[in-house]
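I opened this model to check its fold, its confidence and a few side chains. My notes follow the order in which I looked things up.

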Amino acid sequence: MNRLNGKRWFWMSLTLILGLLLFAAGSQPQPLAAQAGSWQARYWNNLTLSGTPVLQRTEPAINYNWGDGSPAPHRRQ
């Protein structure tokens, strides 16, 4: 009886771990395709860069000074 419980625990644990790994892999943002000489940009509305970006776009250069502004003021959320 203990041997069955051990096998059941093993398979349940393995299933849970694989499910969590698949969920984590599927929840990552997809890579953006940038052309040569351009940059892939993602903008979040939090300091930890967590969750879904509120704006994704390809930038021609990294040369910005928004001050207290936003890269896309109409997209503040």
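The entries below go from the whole chain down to single residues.

**Ground rules.** I am working on a predicted model, where local features need pLDDT of at least 70, side-chain atom pairs count only at pLDDT 80 or more, and totals for chains, interfaces and linings use all residues. Residues are numbered from 1 along each chain as its sequence is written, and side-chain values use heavy atoms, with hydrogens and water left out.

**Confidence.** I looked up pLDDT, the predictor's confidence in each residue, from 0 to 100. The protein averages 75, and 66% of the residues score at least 70. By element, the mean is lowest in H1, at 70, and highest in S1, at 88.

**Fold.** I counted one helix and two strands. Both kinds are DSSP runs, numbered from the N terminus: helices are H or I with at least four residues, strands are E with at least two. From the N terminus on, the order is α-β-β.

I took the accessible areas from the Shrake-Rupley method with a 1.4 Å probe; for residues, only the protein chains shown count as cover. The total comes to about 6900 Å², and carbon and sulfur atoms hold 61% of that. Next I sorted residues by relative accessible area: buried is under 20%, exposed is over 50%, and partly exposed is in between (1.4 Å probe, protein chains only). Of the 77 residues, 12% count as buried.

**Contacts.** I used heavy atoms within 4.5 Å as the contact criterion. Among contacts between residues at least 6 apart in sequence, 13% join residues at least 24 apart.

**Helix H1.** I found a nonpolar surface patch made of Trp 9, Phe 10 and Trp 11, with about 420 Å² of accessible area together. Patch members have over 30% relative accessible area and no salt bridge; like charges are joined within 9 Å, nonpolar side chains (Val, Leu, Ile, Met, Phe, Trp, Tyr) within 5 Å. Trp 11 sits in H1, which covers residues 2-26. Trp 11 counts as exposed because its relative accessible area is 52%.

**The loop.** I checked backbone angles next. Leu 49 has a positive phi of about 55°, although it is not a glycine. Leu 49 belongs to the loop between S1 (39-43) and S2 (55-59). Its relative accessibility is 54%, so Leu 49 is exposed.

How many salt bridges does a search of the whole structure find? It finds one. The criterion is a side-chain nitrogen of Lys or Arg within 4 Å of a carboxyl oxygen of Asp or Glu. Glu 59 pairs with Arg 57, and the closest N and O atoms are 2.5 Å apart. Side chains of opposite charge can pair when their charged atoms come close. Glu 59 is in strand S2. Is Glu 59 buried or exposed? Glu 59 is buried, because its relative accessibility is 5%. Arg 57 is partly exposed, at 28%.

I then listed polar contacts: pairs of N or O atoms within 3.5 Å; within protein, one must be able to donate a hydrogen and the other to accept it, and residues adjacent in sequence count only if both atoms are side-chain atoms. One of 2.8 Å joins the side chains of Glu 59 and Tyr 43. Leaving out residues up to four places away in sequence, Glu 59 touches Ser 38, Trp 39, Ala 41, Tyr 43 and Tyr 64.

**Gln 56.** I ended on another residue of strand S2, Gln 56. Gln 56 is partly exposed, at 37%. Its side chain makes a polar contact of 3.4 Å with that of Arg 42.
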